[in-house]
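Reader: I am new to reading protein structures. Could we go through this one together, step by step?

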Amino acid sequence: MQDFVSCGPLHKNDGVTCTSRKLVPALGSLGSRQKHSLPDLQYDYGALEPYINAQIMQLHHSKHHAAYVNNLNVTEEKYQEALAKGDVTAQIALQPALKFNGGGHINHTIFWTNLSPNGGGEPKGELLDAIKRDFGSFDKFKEKLTAVSAGVQGSGWGWLGFNKDQGRLQIVACPNQDPLQGTTGLIPLLGIDVWEHAYYLQYKNVRPDYLKAIWNVINWENVSERYMACKK
């Protein structure tokens, strides 16, 4: 069974300590499983305007993310039953739903903290130094992450991740709701959601306009905290 790993706790979005959470052991304790919950935002739905409007934020958080949470809880209950029965076939059949809904919950929990009404500009300190080291300059980094995110076919995410083994930053794209660390091993620092539900109501089908705007609300303080925590 695949591990789902996040930089920060799944239930709250106010932490950045790197943690690894295996779903199977959590499911294996009958009657003691704690359900996942939708994390509260640290800002109002309209706080990111004009770059991301309130209607998008409300639907994205209260409907889309909530659906991932609800479906993850339902799937875990079914998986728990399959474990209790020793039904390996059912366990295998449920893994795609665990990956999709678990990834959706992990990805969005990170995403909300990556955004801030006081965001934008450039990072500072060690994160900026690492970006310049690994990408040449902040502008080149920004250009590359934008291009990778724009190039996602269909739905998915553009990510800045930390390769702990190599000690360097990497930019990758993940399809659908694949969680970055659980599928690539990279620790997530900054994720850009390029599912159409993240921008369509405001930017229609022009994803590049959304990607240009989102840089104005990137919470570099949060990204830097994630980097420092995962660098240890």
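**Aromatic residues and their surroundings**

Author: F135, F138, F141, W215 and W220 together form one aromatic cluster. Please keep in mind that the model is a predicted one.

Reader: How many aromatic pairs are found in the whole structure?

Author: The search of the whole structure finds 14 aromatic pairs. One of them joins Y199 and Y210, and this pair is stacked, with 4.9 Å from centre to centre and 20° between the planes.

Reader: Where in the chain do Y199 and Y210 sit?

Author: Y199 is in the loop between β5 (187–193) and α7 (200–203), while Y210 is in helix α8 (residues 207–214). The two are eleven residues apart, and the pair links distant parts of the chain.

Reader: Are Y199 and Y210 buried or exposed?

Author: Both Y199 and Y210 are buried.

Reader: Why is the pair of Y203 and Y210 called tilted?

Author: The ring centres of Y203 and Y210 are 6.1 Å apart and their planes stand at 55°, so the pair counts as tilted. The cut-offs explain this: planes under 30 degrees apart would be stacked, and those over 60 would be edge-to-face.

Reader: And why do Y203 and Y210 count as buried?

Author: The limit for buried is under 20% relative accessible area. Y203 has a relative accessible area of 15%, so Y203 is buried. For Y210 the value is 1%, so Y210 is buried as well.

Reader: Which residues does Y210 touch, leaving out those up to four places away in sequence?

Author: With those left out, Y210 touches I52, F111, I192, D193, V194, A198, Y199 and Y203.

Reader: Which residues have the most contacts inside the largest nonpolar core?

Author: They are F141, L169, Y210 and I214, in a core of 51 residues. Helix α4 (residues 125–135) gives the most to this core, with five residues.

Reader: Let us change topic. How do helices α2 and α3 cross?

Author: The axes of helix α2 (residues 54–85) and helix α3 (residues 88–113) come within 8 Å and cross at roughly 150°. This crossing of α2 and α3 is left-handed.

Reader: What classes of residue are in the contact of α2 with α3?

Author: The contact of α2 with α3 has 15 nonpolar, 13 polar and two charged residues.

Reader: Where does W112 lie?

Author: W112 lies in helix α3. Its relative accessible area is 1%, so W112 is buried. The C-alpha atoms of W112 and G191 are separated by 9.4 Å, although these residues are 79 residues apart along the chain.

Reader: What about S224: buried or exposed?

Author: S224 has 15% relative accessibility and therefore counts as buried. This residue lies in helix α9 (residues 220–231). Not counting residues up to four places away in sequence, S224 touches P123, K124 and L127.

Reader: To finish, how many helices and strands are there in the chain?

Author: The chain has nine helices and five strands. From the N terminus on, the elements run β-β-α-α-α-α-α-β-β-α-β-α-α-α.

Reader: And what share of the residues in the chain is buried?

Author: Buried residues make up 49% of the 232 residues in the chain. As for contacts between residues at least 6 apart in sequence, 70% join residues at least 24 apart.

Key
Residues are numbered from 1 along each chain as its sequence is written. This is a predicted model: local features need pLDDT of at least 70, side-chain atom pairs count only at pLDDT 80 or more; totals for chains, interfaces and linings use all residues. Side-chain values use heavy atoms; hydrogens and water are left out. Rings of Phe, Tyr and Trp (its six-membered ring) pair if their centres lie within 6.5 Å; planes under 30 degrees apart count as stacked, over 60 as edge-to-face and the rest as tilted. Helices (H or I, at least four residues) and strands (E, at least two) are DSSP runs, numbered from the N terminus. Buried means under 20% relative accessible area, exposed over 50%, partly exposed in between (1.4 Å probe, protein chains only). Axes are lines fitted to C-alpha atoms, for helices over the stretch in contact, and angles run from 0 to 180 degrees between N-to-C directions. A crossing is left-handed if the near helix is turned anticlockwise from the far one by less than a right angle, and right-handed if clockwise. Ala, Val, Leu, Ile, Met, Phe, Trp, Tyr, Cys and Pro count as nonpolar, Asp, Glu, Lys and Arg as charged, and the others, Gly among them, as polar. A nonpolar core is a set of buried Ala, Val, Leu, Ile, Met, Phe, Trp, Tyr and Cys residues joined through side-chain atoms within 4.5 Å. Contact means heavy atoms within 4.5 Å.
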